[in-house]
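The sequence and model come first.

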Amino acid sequence: MSENTEHVKCLIVGSGPAGYTAAIYASRADLNPVLYTGMLAGGQLTQTTDVENFPGYPKGIMGPEMMEDFRHQAERLGTDIRFGYVSSVDFSSLPHKVVADENKTILADTVIISTGASAKWLGLESEQKYSGFGVSACAVCDGFFFKGEDVAIVGAGDTAAEEATYLAKLCKKVYMIVRRDEFRASKAMVHRVLNTPNIEVLYDTETKEILGDGQSVNAVKVINIKNNEERVLDVTGFFVAIGHNPNTEIFKGWIDMDETGYIKTKPGTTLTNVEGVFCCGDAQDHIYRQAVTAAGTGCMAAIDAERYLAAKEHVVTA
């Protein structure tokens with residue numbers, strides 16, 4: 001085998017809570033896993049400040065620091081962590097053929113996909129400037145930090161409606177910014193929003209700029225696209241709920257996905273439609289999207305992979 005080709009028992013594609021947890025369990029099962037971190041080592045949590053809802057951190061922890069803890073634990077147990085990305089795959093035969101960094105071929109007996117998903121953003125410069133400092137793409141993750149304060153949320157679908165009502169339980173006032181003159185959400189969710197007294201819906205409205213003092217958000221400038229009237233909302237938090245894109249593009253054509261690109265797994269497992277390929281974390285979860293649930297499915301994927309390899313070995317040696 002050439003130095004540009006390598007055979008591994010278990011290849012993990014992507015880091016973050018799912019990938020690193022899969023690596024921890026796979027290492028302890030003597031699968032000698034190799035993990036490629038992807039372009040954003042540590043995943044979405046490296047772009048988050050305080051994390052207070054992950055068990056085991058009673059005082060909370062910074063997202064990047066928590067991901068470093070995950071990485072160190074996986075490394076200590078023997079995971080070969082490589083800072084690079086998977087550029088293409090070929091799942092037509094066993095072992096699976098994966099190309100890393102466009103020049104290294106890996107033949108993998110099992111592949112665990114943990115590439116996650118990326119939040120869709122509005123594309124404002126100020127949005128990125130205050131990301132993690134008042135701007136968030138996850139109300140469930142960060143709503144607690146704005147307890148008793150005024151916040152705004154952008155979106156018109158079920159997720160936005162659900163997150164708006166969640167924020168309304170914590171915050172004094174929630175402005176819901178809807179670009180059109182109607183919701184895209186289901187009637188049940190719209191009814192819930194409209195019957196929550198501290199949610200104010202701003203129809204036909206776009207966000208122009210997120211304002212702050214250089215350290216954190218203190219207002220949002222919006223414009224009514226029908227009459228061009230501008231308004232400044234005095235808020236300390238700004239939530240974007242316009243959807244996520246699963247990072248699964250390189251697997252299209254090989255793995256069964258839903259219409260959005262989330263990988264389909266067999267209920268109660270991490271098994272995909274391809275033998276020896278498993279998926280965990282946000283690449284297959286469009287409902288919960290939490291660090292703790294991602295870690296849980298990472299554990300499942302490693303156990304599924306270990307059992308798959310053990311069953312194959314038993315058939316071969318029987």
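## Cysteines

C138 counts as buried because its relative accessibility is 14%, where buried means under 20% relative accessible area, exposed over 50% and partly exposed in between (1.4 Å probe, protein chains only). C138 forms a disulfide with C141, and the two sulfur atoms are 2.1 Å apart; a disulfide is taken here as a pair of cysteine sulfur atoms within 2.5 Å. The link of C138 and C141 is right-handed, with 70° about the S-S bond. C141 has a relative accessible area of 26%, so C141 is partly exposed. The structure holds 1 disulfide.

C171 is buried, with a relative accessible area of 5%. C280 is also in no disulfide; its nearest cysteine sulfur belongs to C279 and is 6.2 Å away. C280 counts as buried, at 0% relative accessibility.

## Basis of the model

The model is predicted: local features need pLDDT of at least 70, side-chain atom pairs count only at pLDDT 80 or more, and totals for chains, interfaces and linings use all residues. Residues are numbered from 1 along each chain as its sequence is written, and side-chain values use heavy atoms, with hydrogens and water left out.

The UniProt record, an unreviewed entry, places the feature "domain: FAD/NAD(P)-binding" at residues 9-298. UniProt positions are given in the numbering used here, feature names are shortened, and annotations may be inferred rather than shown by experiment. Over residues 9-298 the chain is 22% helix and 29% strand, and the end C-alpha atoms are 17 Å apart. Helices (H or I, at least four residues) and strands (E, at least two) are DSSP runs, numbered from the N terminus.

β12 and β13 run parallel and are joined by 4 bridges. Opposite M176 stands V201 in β13.

Strand β17 (residues 237-240) contains V240. V240 counts as buried, at 3% relative accessibility. Which residues does V240 touch, not counting residues up to four places away in sequence? They are K120, W121, E127, S136, A137 and V154, where contact means heavy atoms within 4.5 Å. A137 is 103 residues from V240 in sequence, yet their C-alpha atoms are 4.8 Å apart.

## Helix α6

Helix α6 (residues 187-194) has the buried residues M189, V190 and V193. They cover an arc of only 100° around the axis, so they lie on the same side of α6; the arc is that of the directions from the helix axis to the C-beta atoms. An α-helix has 3.6 residues a turn, so residues three or four places apart point the same way.

The buried residues of α6 pack against α5 (158-170), β12 (173-177) and β13 (199-202). On the face turned away from the buried side, α6 carries the exposed residues K187, A188 and H191.

## Pairing of β1

β1 pairs with strand β8 (residues 104-113) in the parallel sense over 8 bridges. Within β8, T105 is the bridge partner of T5. β1 also pairs in the parallel sense with strand β2 (residues 34-36), over 3 bridges. In β2, V34 stands opposite L11.

## Nonpolar cores

A nonpolar core is a set of buried Ala, Val, Leu, Ile, Met, Phe, Trp, Tyr and Cys residues joined through side-chain atoms within 4.5 Å. The largest has 30 residues, of which I12, Y20, F54, M66 and I112 touch the most other members. At least two residues of this core come from each of β1 (5-13), α1 (16-28), α2 (63-76) and α7 (291-317). The greatest share is that of α7, with 8 residues.

Leaving out residues up to four places away in sequence, F54 touches M66, F70, A291, V292 and A295. A second, separate core has 24 residues, among them A168, V178, A185 and M189.

Terms used. Two strands pair if DSSP finds at least two bridges between them.
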